[in-house]
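Please keep the sequence and the structure in view while reading.

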There are 2 protein chains.
Amino acid sequence: MGDRVTKDALFDGFAEVAKAMANGRRAELVDVLVQGERHVEELADEISQSVANTSFHLRALAATGLVTTRRDGTRIYYRLTSDRVGELWAALRDVAAAHHSELDTLAAAYLGDRSRLEEIGRAELADRIVAGDVIVLDVRPRPEFAAGHIAGARSIPIEQLAESLKAVPRDIEIVAYCRGPYCVMADDAVRLLRRRGRAARRLEGGYPEWRRAQLPVESEAAP
Amino acid sequence: MGDRVTKDALFDGFAEVAKAMANGRRAELVDVLVQGERHVEELADEISQSVANTSFHLRALAATGLVTTRRDGTRIYYRLTSDRVGELWAALRDVAAAHHSELDTLAAAYLGDRSRLEEIGRAELADRIVAGDVIVLDVRPRPEFAAGHIAGARSIPIEQLAESLKAVPRDIEIVAYCRGPYCVMADDAVRLLRRRGRAARRLEGGYPEWRRAQLPVESEAAP
DNA sequence: CGACTATTCAAAGACTTCTTTGAATAGTCC
DNA sequence: GGACTATTCAAAGAAGTCTTTGAATAGTCG
């Protein structure tokens, strides 16, 4: 024990897990799967790749145990094997943001100007939900809302927001949220709402960060 | 903002950080650098690679900002850019241990049989150090001890332990520690000590875990 | 049981990564 | 300033990764 060959093999083993995340498309898959399980076709659509290529990447994630599958009818649903994988993803994102010099530029290019989008902290939102003087809007796709959402939130996927606006009461502040700090759906929602004269802010982070902070969540009846 | 091309570029950016860790030799480098800064030749020696190849991998880590350098005389010292990088490494190891099916086998092959090596928890050791009825032995290489160690620990690198044994008092329990859960130096120390009739245990984890738990540390005067 | 289809697999080509070797560079330190 | 040397760079070959295409598989569900 303790020799070079087995040491290298062990660290190659750790590196395999890093390799599983070491591809932009697989990173996007993990970022979606943190929201909850999805089937292959949905995932392919989310990352704008062919089903074959998406399946290839999902197999790569499964090979190191980061994701597991379950079958429901003719569909196969992939999910993260545990919350730890989501935490690893968050740690990776944080290190990238803190240390990778190009990340500012890349994030700015994707997210655009956020200076006019006020954020509300999680603790403050939790208080305001209890007080009842705020509407919480989940603007992620339906399946993600179904898999789990902030307790009391209402689902209006971003594409439907413009047409569903009438159904949202006026004269009460709206807080929109989505997948996390690098997700634009809540940004787009806040911009749209403000253009229509509503008071709207963006939640700091997204659903996974809320859940990780042990704040109240709910989900649609599990099978 | 929010289009496919820039989204892919952003996630490619996150993936670059994962790529930096996605190689066994670079993983070993990070594992050593978590202990403190070291120069290129030392690092090459630690991972049993040529200086050129070690330099190549260090450049790869530096390219995503995971490590930084400082010059001292003719030497260039590499160090992790922040503790966050060490935390990412720990998270990666934990996910690998929890989910990567081959890791058990790899770890067992490298570490050997640990069933007879009793571990002592960090909290318990902290108490016993205060009580003064234990000797704490840092068996890592000298430069790592110099960069930081458990407060009150004594440095006897593992290669020198056999010959330095006389200098260690009898009739008091010895706790050995090293780099972390996948480091064999403390294991070897405990085995040696027990063969010589000493009461010895291994600290759970290693120095980085101790430090991360905010327990007392000290280091040799910084420049 | 048989048609259907969601997912996986295989092959191939373009591209990237890793290691080795030997040379270049850029600092130090007398 | 010049010798010295720690580190980096460059080139090249072997090996691995990613995407596309088209076919195979293995389940479901009537």
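How far is a phosphate oxygen of DNA strand D from an N or O atom in the side chain of B:Ser55? In this predicted model, the distance between the side-chain N or O atom of B:Ser55 and a phosphate oxygen of DNA strand D is 2.5 Å.

## Contacts with DNA strand D

B:Ser55 belongs to a set of 21 residues that surround DNA strand D, and the closest of these also include A:Asn23, A:His57, B:Ile76 and B:Tyr78. Of the atoms of DNA strand D that come within 4 Å of the protein, 79% are accounted for by sugar and phosphate.

## Two domains in chain A

Chain A is divided into domain 1, covering residues 4-90, and domain 2, covering residues 110-218. The contact between them draws eleven residues from domain 1 of chain A and eleven residues from domain 2 of chain A. Taken over C-alpha atoms, the centres of these two domains are 27 Å apart, and about 870 Å² of area is buried between them, with 46% of that area given by carbon and sulfur atoms.

## Polar and charged features of the domain interface

Three salt bridges are found across the interface of domain 1 and domain 2 of chain A, and a salt bridge also describes the meeting of the side chains of A:Arg179 and A:Glu46, with an N to O distance of 2.9 Å. Between the two domains of chain A, five residue pairs are in polar contact.

On the side of domain 1 of chain A that touches domain 2, helix H3 (40-46) and helix H5 (83-99) of chain A each supply at least two residues, and the largest share, four residues, comes from H5(A). The residues on this side of domain 1 of chain A comprise three nonpolar, three polar and five charged.

How values were computed. Residues numbered from 1 in each chain as written. Chains lettered and ligands numbered in written order. Predicted model: local features only at pLDDT ≥ 70, side-chain atom pairs only at ≥ 80, totals over all residues. Heavy atoms only, no water. Near = heavy atom within 4 Å. Polar contact = N/O pair within 3.5 Å; in protein donor to acceptor, adjacent residues only side chain to side chain. Domains from an automatic or database assignment. Contact = heavy atoms within 4.5 Å. Buried area = accessible area lost by both parts, 1.4 Å probe. Salt bridge = Lys/Arg side-chain N within 4 Å of Asp/Glu carboxyl O. Nonpolar A, V, L, I, M, F, W, Y, C, P; charged D, E, K, R; others polar.
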